[in-house]
Amino acid sequence: MPTASWHDRKGLVQIGLLALLLLAPLAAYFLGHVYYVNLASRMTLVAMAAVGLNLAIGYGGMVSFGHAAYFGLGGYVAGISAYHAFDLTPVIGWPLAIPGSDSMLVIWLAAIVLCGLLALVIGAISLRTTGVYFIMITLAFAQMIYYFANSWPTYGGEDGLPIYLRNSLPWVDTGNALNFFLICFAGLVLSLALVSRIMKSRFGAALTMARLNDTRLATAGIAPYPIRLVAFVISAMITGLAGALYADLNGFVSPTMLSWHMSGELMVIVILGGVGRLYGPLAGAILFVLMETLLGGLTEYWKLFLGLVLLLVVLFAKYGVMGWLAGRERHE
């Protein structure tokens, strides 16, 4: 296929996916079907979380099975901050009193910073290993955080923590389903733009080389370890922001957001959409949530069909839904 034709097809598919995600909930809202608007918000947020994971797995070759730690931490930042804002008590009383807040801007900043710091610690340790050891270390850290949240009675323990009122954003009615969807959609578009910009930069070229041949990268005078670590931290920040919005969407946060099941779902979404494809997480999230909603309403064993689809993708569509729709990338 000629290069120009390939780019046209890829661009049309990407625009089509974004248009579908944007126009469907707009139509549903004006037809009075708020449920489908919230469903689109869920698609958007799991796609955004998977965009973060795809940066680590697809572009960096870091198969993290612990990204639920950042997704859940973002959710707990939103829940705990809103809890203390509602209760008029400080989040931390000593040595410096930090009050709770129901401002989305404050919560987003806190979620991004805390997830970045956590990823810095986890990445600094786990990136000294490779292969299955890296996978197991990321999983172990995530499970430690999961069990900590599960046994933390102050914030509901295994029962979770409700968010009684959706957190606020200046000049925006966040309680309106369409407004909240547009906030989530903007977050997804910015995340995609950020990853695209990163991968088109010199840093992105170094990250790609670190995935393909770290020895060759090292001989060029660039240490692979800090490149991977920075990418891992950025990946966690994106996923953590998605988690904060996800908790607001549901009005609830619980340890299930931190469990390995959530890490597995995010990984399945990346694989379905296409590992290392910019819009792969979006395609995977749309397919995953549609299957969950449509088949889940028919049978509790809907994941059997998900497994069959995943098997077909792995065997016959190596580059996922995006590979099937847009064709192979030039480097594949």
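Let's start with Tyr 36, which counts as partly exposed because its relative accessibility is 46%. On this scale, buried means under 20% relative accessible area, exposed means over 50%, and partly exposed is what falls in between, using a 1.4 Å probe and protein chains only. Keep in mind that this is a predicted model, where local features need pLDDT of at least 70, side-chain atom pairs count only at pLDDT 80 or more, and totals for chains, interfaces and linings use all residues. Residues are numbered from 1 along each chain as its sequence is written, and side-chain values use heavy atoms, with hydrogens and water left out.

Now for the aromatic rings. A pair of aromatic rings is described by the distance of the centres and the angle of the planes. Here the rings of Phe, Tyr and Trp (its six-membered ring) pair if their centres lie within 6.5 Å; planes under 30 degrees apart are called stacked, over 60 edge-to-face, and the rest tilted. Searching the whole structure turns up 12 aromatic pairs. In one of them, Tyr 35 and Tyr 36 have ring centres 5.2 Å apart and planes at 75 degrees, so the pair is edge-to-face. Phe 134 and Phe 232 also make an edge-to-face pair, with 6.1 Å from centre to centre and 75 degrees between the planes. Phe 134 lies in helix α5 and Phe 232 in helix α9 (residues 224-250), so this pair ties together parts that are 98 residues apart in sequence. Helices (H or I, at least four residues) and strands (E, at least two) are DSSP runs, numbered from the N terminus. Phe 134 counts as buried because its relative accessibility is 4%, and Phe 232 is buried too, with a relative accessible area of 0%.

Elsewhere, ring pairs link Tyr 83, Phe 148, Trp 152 and Tyr 155 into a cluster. There is also a charge over a ring (NZ of Lys or CZ of Arg within 6 Å of the ring centre and within 35 degrees of the ring normal): Arg 166 lies over the face of Phe 180, at 4.1 Å from the ring centre.

In the model, residues 132-149 are 100% helix and 0% strand, with the end C-alpha atoms 26 Å apart. Residues 225-246 are likewise 100% helix and 0% strand, and their end C-alpha atoms are 31 Å apart.

Ser 126 lies in helix α4 and counts as buried, at 0% relative accessibility. From Ser 126 to Met 136 is 10 residues in sequence and 8.9 Å in space, C-alpha to C-alpha. Arg 128 sits in the loop between α4 and α5 and counts as exposed, at 64% relative accessibility. The C-alpha atoms of Arg 128 and Tyr 225 are separated by 7.9 Å, though the two residues are 97 apart along the chain.

On to the second largest pocket, which has a volume of about 530 Å³. Of its 22 lining residues, the closest to its centre are Tyr 76, Val 77, Ile 80, Val 91 and Leu 114. A pocket here is an open set of points on a 1 Å grid over the protein atoms alone, where a 1.4 Å probe fits, with protein on both sides within 12 Å along at least five of seven lines; lining residues have an atom within 4 Å of a point. Grid points are joined across faces, edges and corners, and the volume is the space filled by probe spheres set on the points.

Which elements build the lining of this pocket? α3 (68-87), β1 (90-92), β2 (98-99), α4 (104-126) and α5 (131-150) each supply at least two residues, and α3 gives the most, with six. The lining divides into 18 nonpolar, four polar and no charged residues. Ala, Val, Leu, Ile, Met, Phe, Trp, Tyr, Cys and Pro count as nonpolar, Asp, Glu, Lys and Arg as charged, and the others, Gly among them, as polar.

Finally, Phe 86 is found in helix α3 and counts as exposed, at 56% relative accessibility. Leu 96, in the loop between β1 and β2, is exposed as well, with a relative accessible area of 60%. Phe 86 and Leu 96 are 10 residues apart in sequence and 20 Å apart in space, C-alpha to C-alpha.
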